[in-house]
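Open the model in your viewer and keep the selection panel at hand. The stops below say what to select and what to look for.

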There are 2 protein chains.
Amino acid sequence: MQAVIWKRPCVLALRSCGPFAACGGSGSFSFRNGGRAPQRTFTLRVINSTGSGAVVARPSSARKSKRSEGVDGKLAALRQLFHKPGLQMDAYIIPSQDPHQSEFIAECFMRRAFISGFTGSAGTAVVTKDKASLWTDGRYFLQAENQLGPDWMLMRAGTPGVPTISEWLTDVLSPGSKVGIDPFLFSSDAAEELKHTLSTKDHKLIYVYDGNLVDEIWKEDRPKPPTAPVRVHDIKYAGLDVSSKISSLRQNLVEAGATSIVISMLDEIAWLLNLRGNDVAHSPVAYAYLIVEIDSTTLFIDPLKITPEVTVHLKNSNVTVKPYESLLLEVERLANCGAKLWLDTSCTNVAIIDAFHSACNKYFENLPKRSKQKGIKERKKLLDAKSIDSEMEGPLAIHKASPVAIAKAIKNGAELDGMRQAHLRDAAALADFWAWLETKVGQDKMTLTEVEVADKLLEFRSKQAGFLDTSFDTISGSGANGAIIHYRAEPDTCDIVDDKKLYLLDSGGQYVDGTTDVTRTVHLGEPSSREKECFTRVLQGHIALDQAIFPENTPGFVLDVLARSSLWKIGLDYRHGTGHGVGASLNVHEGPQGISYRYENMTGLQGGMIVSNEPGYYEDRSFGIRIENLVIVRDVETPNRFGGNSYLGFEKLTFVPIQSKLLDLSLMSPAEIEWLNNYHSEVWEKVSPLVQGDVHEWLWKNTRPVPVHSTA
Amino acid sequence: MQAVIWKRPCVLALRSCGPFAACGGSGSFSFRNGGRAPQRTFTLRVINSTGSGAVVARPSSARKSKRSEGVDGKLAALRQLFHKPGLQMDAYIIPSQDPHQSEFIAECFMRRAFISGFTGSAGTAVVTKDKASLWTDGRYFLQAENQLGPDWMLMRAGTPGVPTISEWLTDVLSPGSKVGIDPFLFSSDAAEELKHTLSTKDHKLIYVYDGNLVDEIWKEDRPKPPTAPVRVHDIKYAGLDVSSKISSLRQNLVEAGATSIVISMLDEIAWLLNLRGNDVAHSPVAYAYLIVEIDSTTLFIDPLKITPEVTVHLKNSNVTVKPYESLLLEVERLANCGAKLWLDTSCTNVAIIDAFHSACNKYFENLPKRSKQKGIKERKKLLDAKSIDSEMEGPLAIHKASPVAIAKAIKNGAELDGMRQAHLRDAAALADFWAWLETKVGQDKMTLTEVEVADKLLEFRSKQAGFLDTSFDTISGSGANGAIIHYRAEPDTCDIVDDKKLYLLDSGGQYVDGTTDVTRTVHLGEPSSREKECFTRVLQGHIALDQAIFPENTPGFVLDVLARSSLWKIGLDYRHGTGHGVGASLNVHEGPQGISYRYENMTGLQGGMIVSNEPGYYEDRSFGIRIENLVIVRDVETPNRFGGNSYLGFEKLTFVPIQSKLLDLSLMSPAEIEWLNNYHSEVWEKVSPLVQGDVHEWLWKNTRPVPVHSTA
């Protein structure tokens with residue numbers, strides 16, 4: 001891979017954050033504030049991770065370096081910009097983010113990769129006048145070693161002795177230094193946290209508004225911002241028209257005492273407006289902002305993306321279009337009009353938040369003195385009040401989690417039905433695929449690479465009606481590669497899929513009516529007893545979670561232990577969450593709900609939510625196991641309703657056989673075997689009408705009941 | 001009960017917080033700050049509970065009132081004290097606390113009961129110039145209605161429309177009023193929270209140092225503070241001598257940069273000094289404070305309690321004795337000497353915290369100017385620093401959770417062995433008891449009351465070697481009374497125990513070597529299928545938790561779902577926690593660990609901790625079920641140790657048969673039946689050598705294996 005010219009592998013590799021995300025939020029993926037969509041908060045996690053004060057990092061000279069030419073030039077050019085008129089900076093931080101805290105980002109935002117050469121999905125570059133360091137986590141140490149030039153220092157985050165970014169800055173900068181960031185790339189919460197940490201060391205965080213400094217070096221080589229056309233998401237899949245959704249949102253505004261809201265998350269905009277975009281791989285979203293006021297809705301987007309069909313659709317929904325770049329002006333206008341503006345500081349970039357706050361301050365400064373004091377006093381009162389009086393004088397920022405996240409997470413009937421239909425076609429494609437793979441590897445003894453196998457899967461999926469894209473980069477991991485949770489097979493370096501090793505396949509599709517995400521682990525030869533024991537225990541966890549019945553609004557983390565306890569019994573575990581939310585024909589990863597050992601996300605599970613159920617077990621340098629279904633959270637009829645509660649359970653969306661060969665039936669209870677047999681009978685019933693010939697036969701064989709052993 | 005003169009029932013009823021506490025921390029019982037001993041934080045919970053702003057409460061005229069004479073006089077006398085020179089108060093809050101945030105308190109501290117007439121264990125009285133209100137929770141509505149005089153308003157906390165204390169105060173007081181409290185009865189955290197809430201409404205919280213106002217009315221009728229002699233807790237049960245414990249504590253001080261600590265929790269003092277007291281029922285503690293400095297240890301206690309044996313013991317451990325009342329002077333002395341004083345604000349009363357802070361301020365005010373500024377700057381620096389430099393000039397308050405709580409919670413070998421031994425003798429007493437009860441009720445068809453049955457149990461326990469006291473008031477609940485979680489049978493009003501209803505018995509003993517707490521539910525006739533289904537599901541939860549294996553340091557709340565999920569499957573639940581810590585020959589209720597649906601307690605479970613396992617189910621006006629064992633958290637040998645973790649499980653301490661008659665075996669898995677049979681075989685093996693004759697036969701019958709059914 002390293003021999004290829006820079007641009008292509010960068011694009012490919014950066015997208016590899018997908019697979020990682022698909023396995024439930026391990027590593028750098030986390031929900032912030034317990035109630036927002038998934039965000040890549042890795043940057044700040046690094047900044048805040050505890051570490052010893054001493055700066056210990058392996059010098060880059062000790063690392064392999066295959067392509068150092070030109071890197072120095074970039075660093076030198078960047079450092080020259082530190083002295084631009086009015087700047088006088090001592091350091092500049094380059095994160096992996098786009099301005100919307102997206103999980104997948106467009107090429108034009110891959111600035112950290114451009115400046116450092118390191119193309120992994122998670123990492124933060126920090127450049128001072130004489131040093132350049134890159135922080136990344138254990139998943140990327142090897143890749144970063146290979147990609148970073150000799151002037152870069154690799155900071156292995158989480159390794160003992162490795163400083164955090166702020167510790168390092170404190171060590172290398174003289175007191176009172178200025179650290180610059182692009183305010184569009186940091187959420188307000190993240191910037192505030194960073195500012196606070198730096199201030200304890202007398203450093204200053206400064207927002208560089210006048211263009212991103214990396215872009216000034218990148219120049220014309222920088223990919224253009226995407227302009228792919230937006231399409232209308234059919235009402236038969238969306239279920240609810242735009243006016244109804246906007247109307248509910250306005251109800252939220254009124255209840256909170258707000259008069260307007262800025263929506264910054266791309267999937268929230270796509271969902272609210274029943275639009276789908278094509279600006280980034282895997283996520284059917286378009287770069288845009290949205291402002292909803294009590295009596296108007298404005299979409300800030302490149303007009304090139306708006307087709308005539310979309311123009312009509314937006315007009316029918318009373319949505320005005322303005323250029324993407326005019327958002328800040330509009331935010332300032334809102335302040336001048338005395339708007340009570342709802343802003344979600346966990347996902348809205350600090351440039352927007354700051355623009356509003358500055359405009360508010362100007363508003364109050366320009367008031368005549370008496371009225372000014374009244375205004376300030378009113379504002380102070382408001383901060384203490386439980387509800388906000390929208391008649392109050394002057395503008396106000398209301399910092400609250402966006403109400404769209406939860407509205408989007410609770411799917412309506414049409415969305416659920418679309419998800420069900422998409423999953424059946426996806427299951428048919430997977431039956432085609434597994435039947436093909438078993439024949440090729442098992443009978444024909446063909447040699448296939450991990451990449452070839454993944455490509456073939458895409459071929460099968462592409463044949464299904466309504467297929468658009470994979471929902472993330474397929475994880476096709478044979479043997480030891482299966483133990484690398486974020487593994488991405490590359491043509492030149494990947495392993496073969498054969499009948500000697502376990503094979504883990506985590507993949508998903510974007511369809512017009514739904515989004516899928518499924519993981520199966522199989523052995524095409526004879527599994528070892530160790531592999532069988534581990535697989536059986538992972539399945540037991542999957543079954544225990546699938547069968548859970550629980551009071552409405554139980555936070556997902558309460559259920560996490562159910563998926564782990566069978567592994568814990570023999571001292572095993574896995575280092576990722578158990579379940580993440582999934583969009584309906586939208587992002588494969590969405591919040592605010594989740595099922596994880598991270599206990600801070602208090603979002604209660606509610607009927608209509610979709611989550612993944614994906615326990616796993618990974619034996620380093622040996623094999624990986626994961627069994628993943630998507631499920632709908634839904635009401636369950638219980639004979640009692642203690643405390644007047646509804647009780648919830650899960651309805652399965654995924655119908656793909658689980659390989660019985662990998663089971664140690666002696667470990668399983670009769671109830672667990674019954675679960676498996678019922679599941680397979682359902683798979684047969686639902687998927688067999690969709691497949692033919694050999695695949696039909698394969699499906700029949702792979703959904704036969706296993707015997708319930710007698711337990712003495 | 002209401003016909004009896006006031007004093008006796010007050011004492012009895014106030015002690016009834018014991019049973020409640022024994023079932024795992026529901027209702028008013030909670031761990032604060034996730035890491036401290038159990039405290040009765042009800043007062044603050046009420047203050048902070050959300051409620052509508054409107055003051056709606058049933059006037060006391062609408063309530064039964066049997067003994068109003070004299071109450072008015074008390075209120076009038078109290079109100080007169082509002083105008084004492086220098087006071088000028090508008091309201092006075094009288095909580096249920098003693099100065100140590102104890103769960104069980106001495107009679108002399110039962111001020112809220114004295115002033116209001118309401119003798120329940122949880123409740124707060126608030127008296128203004130023209131109103132008097134009492135807040136209590138649902139457990140006590142009926143009792144409070146009966147006991148409060150006509151001048152009192154009952155505030156049914158948690159009921160819609162009932163204001164919190166601060167909401168009510170805001171409503172009835174004019175702005176800028178003064179609300180007084182006795183600073184010895186509020187923890188510093190509680191007082192700060194109250195002060196903050198009141199200040200948002202422009203009211204002032206004032207600390208009335210000059211004696212408790214209720215005491216001034218109570219006068220010579222007020223019971224004298226207890227003076228029961230303290231005894232030495234034998235080293236063979238304590239396992240560790242005082243010098244070693246103090247030395248570890250000093251290590252904690254050094255690591256935190258502290259030079260001294262005030263210990264205020266009575267069980268922490270008893271544990272540290274290997275002393276046991278007799279000042280309150282059920283808890284073998286004595287009223288005292290302890291200050292540990294780097295080179296000295298001072299016990300503040302009434303010298304009357306110190307026997308010659310204890311004098312020698314303390315001298316050998318280099319512990320100096322000073323009068324209980326001299327604590328504040330000593331705290332001020334520490335400030336004057338520049339001590340870095342460790343104070344746990346969650347359990348130390350605000351009188352102590354304030355005394356130190358005031359003395360610190362005086363210290364810095366009295367410094368020469370230059371040195372003063374340096375001192376203040378140093379102090380500011382310290383607040384940001386990770387470690388504290390004990391060489392820094394001047395005194396400093398270090399607010400941290402007491403390190404004694406966790407040291408006490410992790411039992412040493414001798415403590416664990418004492419607990420095991422005490423539990424075996426307790427199990428023998430319970431075998432005696434259950435055999436007796438079955439004979440009397442089942443065969444002889446005798447009519448026994450709940451109180452008579454509890455008394456008989458005490459008789460059996462008293463015969464066991466080393467028995468000292470019950471560890472809380474026995475909950476002896478027949479039929480519908482079993483559904484009242486805090487039920488306390490009273491001779492005049494209690495039900496009978498017969499062969500028609502379920503019977504729930506939650507009880508425990510204090511022994512020289514250990515503390516027990518066990519609940520069993522039985523039916524002495526023919527249980528209904530409903531009762532059997534519920535009992536079986538409670539047992540399934542108990543078994544699932546008992547069998548859990550989990551990584552070290554897993555917070556207890558993670559395991560809580562295991563005890564509930566069998567009930568959730570049919571839409572049932574219980575409104576209390578699943579497990580609480582238990583002291584070794586100390587308080588039946590201790591922290592910091594717990595197993596609860598309250599997710600804020602992040603204390604990780606560690607080997608050597610003791611917790612209860614007590615799921616339940618309560619059907620209002622019908623029956624209650626609870627099955628409680630105590631267990632030791634201990635290392636488990638697992639074939640793997642993922643992530644280098646130790647894995648933990650539970651060792652049972654309680655060996656009392658579980659009534660098989662109440663099981664619906666068709667609901668149970670073979671593994672669950674195996675657990676039951678193994679448990680009973682262990683009960684037989686351990687307890688049969690300790691019982692004779694009929695009891696031996698009863699034990700034999702009640703520990704026979706049940707058949708493992710065949711699951712089709």
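**A proline in a strand**

Start with Pro592(B), which is found in strand E26 of chain B, residues 590–595. Keep in mind that this is a predicted model. The peptide bond from Gly591(B) to Pro592(B) is cis, and its omega is near 0°.

Switch to chain A. Select Gly591(A) and Pro592(A): a cis peptide bond joins them, with omega about 0°. Pro592(A) sits in strand E26 of chain A, which covers residues 590–595.

**A backbone stop in chain A**

Go to Gln88(A). This residue is not a glycine, yet its phi is positive, about 50°. Where does Gln88(A) lie? Look in the loop between helix H4 (71–81) and strand E3 (91–94) of chain A.

Select Asp279(A) and Lys305(A) next. They form a salt bridge, and the closest N and O atoms are 2.5 Å apart. Colour the flanking elements to see what the pair links. Asp279(A) is in the loop between strand E11 (275–276) and strand E12 (289–293) of chain A. Lys305(A) is in the loop between strand E13 (297–300) and helix H13 (308–316) of chain A. The two residues are 26 residues apart, and the pair links distant parts of the chain. Over all chains, the count of salt bridges comes to 72.

**Two helices in chain B**

Return to chain B. Show helix H14 (residues 327–336) and helix H15 (residues 350–365) of chain B. Their axes come within 8 Å and cross at roughly 35°. Is the crossing of H14(B) and H15(B) left-handed or right-handed? It is right-handed.

From H14(B), the residues include Leu327(B), Leu328(B), Val331(B) and Glu332(B). From H15(B), they include Ala351(B), Ile352(B), Phe356(B) and Tyr363(B). By class, the contact of H14(B) with H15(B) has 12 nonpolar, 1 polar and 1 charged residues.

**Where the chains meet**

Zoom out to show both chains. The contact takes 35 residues from chain A and 35 residues from chain B. Together, chain A and chain B bury about 3,000 Å² between them, with 66% of it on carbon and sulfur atoms.

How many salt bridges does the rule find across the interface of chain A and chain B? The count is 0.

Now select the side of chain A that touches chain B. Strand E24 (550–551), helix H21 (557–568) and strand E28 (616–619) of chain A each give two or more residues to this side. H21(A) provides the largest share, 6 residues. Finish by colouring this side by class: 22 residues are nonpolar, 6 polar and 7 charged.

Terms used: Residues are numbered from 1 along each chain as its sequence is written. Chains are lettered from A and ligands numbered from 1 in the order in which they are written. This is a predicted model: local features need pLDDT of at least 70, side-chain atom pairs count only at pLDDT 80 or more; totals for chains, interfaces and linings use all residues. Side-chain values use heavy atoms; hydrogens and water are left out. Contact means heavy atoms within 4.5 Å. Buried area is the accessible area (1.4 Å probe) that two parts lose on being put together, summed over both. A salt bridge is a side-chain nitrogen of Lys or Arg within 4 Å of a carboxyl oxygen of Asp or Glu. Helices (H or I, at least four residues) and strands (E, at least two) are DSSP runs, numbered from the N terminus. Ala, Val, Leu, Ile, Met, Phe, Trp, Tyr, Cys and Pro count as nonpolar, Asp, Glu, Lys and Arg as charged, and the others, Gly among them, as polar. Axes are lines fitted to C-alpha atoms, for helices over the stretch in contact, and angles run from 0 to 180 degrees between N-to-C directions. A crossing is left-handed if the near helix is turned anticlockwise from the far one by less than a right angle, and right-handed if clockwise.
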